Amino acid sequence: MNQYLKNTKDTLSKIMKFLLMTIGMIFLLLGLSQSIRVIFEDELELRSIKKDDEFISNVRIYELAGYKFKIPGAYFDPLRQSRTRKVRALRLEGKMPNLSARKSSPDYHVNNVDPNKIDFSIYKVSPSSSLNPMNEFVTVSDDANSRIVLDNGWIRYKDDGGLRSEAYTYYKDLGAPTASRMRCDHRLTIPNPSCGVKYMLNDELEVNIRFRISREFDWEDIEQKVRSRINEFMINAEVQ
């Protein structure tokens, strides 16, 4: 009888140990699966966003001044991609000739002298902004007497900045929805200086474009590709 009780006690003890070990393993696996799930969810959040129960892979949706944009991550410099849905600005970059998404090579985003690299940004219009590119505006640095109309219809002013800096301001399509302004700075101290373009996407948003000065006279082609690309990104909206 004593031996039977002893054997029963040993058996129950082994069963209890087995159950405890099993429960411990279950909790361990649950904790591990939860950690893995969190890691993958964080990764998925960076690569996609759920909208209307449908995942758009490698695309995130951003909201700027009430407007929504659906943009592939490859158009962002990794250091400039926002982790939040609502943003104050969208800073993008592409590569000519078709303004395709930037290359994934590690040195692409630091190759600032690449003539094919195009930076373009979308901002909310500043209430204090007085330089609307829809209007011709002669700044204090421009020589008003230098105004000429080029053969392609652009209006050009020369900067009166002296020998160290020879800059030009251009206007095109004034009075039309596609009106824009460009400024190119031919500084002798910079191997490959840049041009900056500004136009109004609508009454609330403006677009800035920057590219190498070697593409100065590709302005219209570059701007049209930027306009088309932004139109693709913008949700439920048509822009010029």
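Mentor: Start with Met 16, found in helix α1 (residues 2-47); helices are DSSP runs of H or I with at least four residues, strands runs of E with at least two, numbered from the N terminus. The model is predicted: local features need pLDDT of at least 70, side-chain atom pairs count only at pLDDT 80 or more, and totals for chains, interfaces and linings use all residues. Residues are numbered from 1 along each chain as its sequence is written, and side-chain values use heavy atoms, leaving out hydrogens and water.

Trainee: Does Met 16 count as buried, exposed or partly exposed, and at what relative accessibility?

Mentor: Buried means under 20% relative accessible area and exposed over 50%, with partly exposed in between (1.4 Å probe, protein chains only). Met 16 counts as partly exposed because its relative accessibility is 48%.

Trainee: In which strand is Lys 172 found, and is Lys 172 buried or exposed?

Mentor: Lys 172 is found in strand β10 (residues 165-172). With a relative accessible area of 5%, Lys 172 is buried.

Trainee: Which backbone oxygen does the side chain of Lys 172 reach?

Mentor: A polar contact is a pair of N or O atoms within 3.5 Å; within protein, one must be able to donate a hydrogen and the other to accept it, and residues adjacent in sequence count only if both atoms are side-chain atoms. The backbone oxygen reached, at 3.2 Å, is that of Thr 178.
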